[in-house]
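Here are some notes for a first look. Please keep the structure open while reading.

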Amino acid sequence: MRNAALVLGIIGGLIAMLVGFFGYGYTEVVRSHAELGDMFGQVANPELIRMASFLSPLLAIAGAAMAKVRALWGGVLMLVGGGLMYYAFGFGVFTMFPIGFCLVGGLLALAAGKPDEPKAHF
């Protein structure tokens, strides 16, 4: 289960990075060219989008990297990363897979209660 959590977290984090690049870029374009924001739609909270564009992929990839050794911490980080992406961007065609991969990876990491090593993580 830890290997599955690792793979799902990394894939979810990489896709979240693509969503984050476009989300951050759109807030910058709207900030510098107000007429494009009027045409395509303004962003209600650009600071939230910018913060989530950076933190969500970071938390997902860091949680995936920790899932093998520290399953509890890695699972919590992946769940927070997926939740932050859902809160900032919503559930749509471009966010459903990163949110799903991060949440399932986080749940798998948390479900790996008995570690492969003799040392317990929780």
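1. Glutamate 47 is exposed, at 51% relative accessible area. Here buried means under 20%, exposed over 50%, and partly exposed in between (1.4 Å probe, protein chains only). The model is predicted: local features need pLDDT of at least 70, side-chain atom pairs count only at pLDDT 80 or more, and totals for chains, interfaces and linings use all residues. Residues are numbered from 1 along each chain as its sequence is written, and side-chain values use heavy atoms, leaving out hydrogens and water.

2. Glutamate 47 forms a salt bridge with arginine 50, with the closest N and O atoms 3.0 Å apart. The term means a side-chain nitrogen of Lys or Arg within 4 Å of a carboxyl oxygen of Asp or Glu. The two residues are 3 residues apart in helix 3, about one helical turn. Helices are DSSP runs (H or I, at least four residues), numbered from the N terminus.

3. Arginine 50 is buried, with a relative accessible area of 14%. Its other partner here is glutamate 28, at 3.1 Å between the closest N and O atoms. Glutamate 28 lies in helix 1 and arginine 50 in helix 3, so this pair ties together parts 22 residues apart in sequence.

4. Glutamate 28 is partly exposed, at 23%. Glutamate 28 also meets arginine 31 in a salt bridge (2.8 Å, N to O). Both lie in helix 1 (residues 2-32). Arginine 31 is exposed, at 57%.

5. How many salt bridges does a search of the whole structure find? The search finds 3. Glu28, Arg31, Glu47 and Arg50 are linked in a network of them.
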